[in-house]
Amino acid sequence: MAALRKFQVTRGVYYIEAPDAGLNILCGCPSDSVKHLMKKGLILPTDAEGVRFETGPNAILLSDVQLQGGVFANLAEFPVLQMLYRQGMILPGHPNNTGAKPILIGSESQVRAQMEYIHRGNYGLLDVDEIMAAGVEREQAEEMMRLKLRFAFGAIRDTGELLDARVVGKEPVEIRNGLFIQRLALNVFEFNYDDASVTVDLNLPPGTGYEAPYLLGYSDIDREYFAVVHSGEGDGWDVNRPCMAAVLMFQGRIYLIDAGPNILYSLNTLGIGVNEIEGIFHTHAHDDHFNGLTTLMRSDHRLKYFATPLVRSSVTKKLSALAAIDEADFAQYFEIHDLVEGVWNDLESLEVMPVNSPHPVETTVMLFRALGGEGYRTYAHFADIVSLDVLRGFVTDDPLAPGISEAFYEGTRESYLRPADLKKLDIGGGLIHGNAEDFKDDPSDKIILSHTALPLTNRQKEIGSGAPFGMVDVLIPAYQDYLRRYAFHYLSAYFPDVPKDHILALTNNPVQTYNPESILLKVGTVNSDVYLVLTGVVERIETESDLHGTLSAGAIVGEFSGLIGAPSMETYRAVNFVRVLCIPGTLYSRFIKRNHLFGSIERLQDNRDFLMKTYLFGDGVSFPVLNRMAANMTETAVAEGEICGAAGGVENEPNVCLVRRGLLHCVVDDRVVDIVPPGDFAGGSVALYSTPCPFSVVAREPSILCRLDVGLLQDIPVVRWKLFETHKRRTELALSPEQSGGGFFQWRPDHDVGVEMMDNDHRRMFEIAAGLHKAIKQGATRPAKLNILNALIRYSQEHFFREEDLMAETGYAEAAEHAERHRRLMERVREHLARIESGEMEMETEFISVLKDWLINHILTEDRKLGETLHSRGA
């Protein structure tokens, strides 16, 4: 048997077996990686000592790159749950509980982020104070905490008690039992055991994404007045179906209930583009209902986010830990609408009532109703609920003990059994999920059984129905044409100054449905009609330029070629079921001439065509948004070797620059961090932090840059997310100590923040840190290294005090938030110091990564932002 075996599980995910070392390592853990392992036969049922359990990985290698293909590359919650519970590694008396903990392997920042994200996934809000901060009175908060502790077996445990960690650097690190790992390059790792070695590259190929573990058929969904589309009936372990979810339609608008893994794939097969979604109703923060949120950030408008403040607080804290963003940043991607628990919230005639549901994290079930010709019609979405037998076992007369009161139990039972016209139930069983038997006498008209990976038993079939993917339950049918309403809305947004009667002339044309994978317009063809996309997603393909993008609802296909009678330069192809308004080219041409629009369309065409070929705007950005960008884009020429300044434009002017022609390099000292070819951009950090890039941008050859003011980009979530994704990757490359050599803590001019006191302090901190780095590399004694570290901590604390005094003197608006970041930084460093002093951690590569985040990342982001403000005030 080979000492090391490597399997590709799916795109971007690998599995390493080291049998002699007793290790099986999941390399890469995007969403549904456990399901992929099950499909490949790498997780199998087994038994020992009369106990049935699963095989699988006992270690996880995390991606260095936090985001790939627009989604999180590291989502270890479910793989860890599989190891702890389904493999039995944490269960008392289990034959697979040997005392060895599962291991998280990766960079210090990714390991730390996963530890905190898993912690939030296990418990949600952690104490009474956090619950009260979400608007709950103390008595109710204490009652909720008692329930939380009962689910947690009496104590909130730190993730470090459940998992081990190995931080990987350039030098080999032993994982366990003689198996070593080292980083060869960003996201490229080598495993070594005795004389055997294997290499794993976790980078996704350009233009690709992670794959779903199941295949879904396409559905052609009509837009209804009030209806439920069943978009998931499985759970986090069901290899054949998406997790429990639903699409709610009301008055032709589309809402999601929860956002689980591979949600974009589910929406595509349903013929729904992300830009068609009005908002999301969110029940709770477990990954099978949560980790599709980043996909929803890839819309060209902020989706409405509906949840109670408790659920929102739990969700934002988990997302903040996972993405290393501030909780306040959540509002930059979603339009927040807090719901009041226990009452009907009227949302423009769609009414929703969230009701608390006992669960380890803050959770509400959702009831929806709308008024029709026969009165109110109701839908109840019950994910996640708890078995009433389990909940009965939580009842205690002791008001201080973990558990619940009799009154709490009765209130939950009553809310669960409230009748509805349609009710979807979690019947997953176990400690934290529901039981179909609890609803055997439920008077609801129709019950859907969901949230299970198991076939329904005959007894369950007597209680409720199933729901194949894409099945629709219509509660109030539509007697109006929503598609023409969409058409009028899109055309009015495209032509805001044109009279409504002229727009109505365009909408009075046939609507055609294209099947998935059908061609709407082929390259080289002269189109007689112009197509306005009403629903679905269309591919735009130009093979000669190797370009591929997608168009969403509101896009116009064949506009310019239809106007001038020229052959199309691209092929347009339906991704899913697509409905288009077919406008005769002659009518469209007369409309354009009548309203004197040809000149403006011609001017925008070139810029819009360029934008659609770029990474930032090539997918999912609607025509009105593209037109706004195209109208406000300015060009700048830069010479070979020219330093492009703050993000490739005018110094101190926040902007993002797209490369139209030429080539840029992102450079740290003399090292090229990244290459920026035509269609790519520079300046992501400006958009995110209003500060200069952490590297220089230099023209490798004469280049033409298209500058976009960041103010226009910040309201486009898909663009903002791509800026964030690229910024994280480039910053990791720029600041990675493995790639920076011995000069990592050398002060550079671009570290200056422009305030003398702050820059002097920062230089001194760098000098001390460089001394510590040198001592570590030269193998200095432990007391010598601790002396330097303590000196750095003392000086940093003094610096923070001086900085906070300066903020107070100058009235800096973000002083409180900045001081809180200081507090968190010092808390984290002191935690590491305690681990070092106890012998739990060595001052090696792991601690160098801590210093990087502590010093350089903070200076290059928050302190630069502060410095610019203070410098502008003469500080």
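Reader: Which residues of H15 meet which residues of H17?
Author: This is a predicted model. In it, His502, Ile503, Ala505 and Leu506 of H15 meet Leu587, Tyr588, Phe591 and Arg594 of H17.

Reader: What makes up the contact of H15 with H17, by class?
Author: Six residues are nonpolar, one is polar and one is charged. Arg counts as charged. Tyr counts as nonpolar.

Reader: Why are H15 and H17 called roughly antiparallel?
Author: Helix H15 (residues 500-507) and helix H17 (residues 585-594) pack at an angle of about 170°. The label needs an angle over 145 degrees. H15 and H17 are therefore roughly antiparallel to each other. Their axes lie 10 Å apart.

Reader: Now the sheet. What is the order of its strands?
Author: The order is S20-S19-S18-S17-S16-S15-S27. These seven strands form an open sheet with mixed pairing.

Reader: What makes S20 and S27 edge strands?
Author: Strand S20 (334-338) and strand S27 (472-476) each have a single partner strand, so one side of each has no neighbour in the sheet. From one strand to the next, the twist averages 25°.

Reader: How do you know that S19 and S20 pair?
Author: Pairing needs at least two bridges. Five bridges join S19 (residues 303-307) to S20. Phenylalanine 306 stands opposite histidine 337 in S20.

Reader: Which helix packs on the sheet, touching S19 and S20?
Author: Helix H9 (residues 309-323) does. The direction of H9 makes about 115° with that of S19.

Technical notes
Residues are numbered from 1 along each chain as its sequence is written. This is a predicted model: local features need pLDDT of at least 70, side-chain atom pairs count only at pLDDT 80 or more; totals for chains, interfaces and linings use all residues. Side-chain values use heavy atoms; hydrogens and water are left out. Helices (H or I, at least four residues) and strands (E, at least two) are DSSP runs, numbered from the N terminus. Axes are lines fitted to C-alpha atoms, for helices over the stretch in contact, and angles run from 0 to 180 degrees between N-to-C directions. Contact means heavy atoms within 4.5 Å. Angles under 35 degrees count as roughly parallel, over 145 as roughly antiparallel, 65 to 115 as roughly perpendicular and the rest as oblique.
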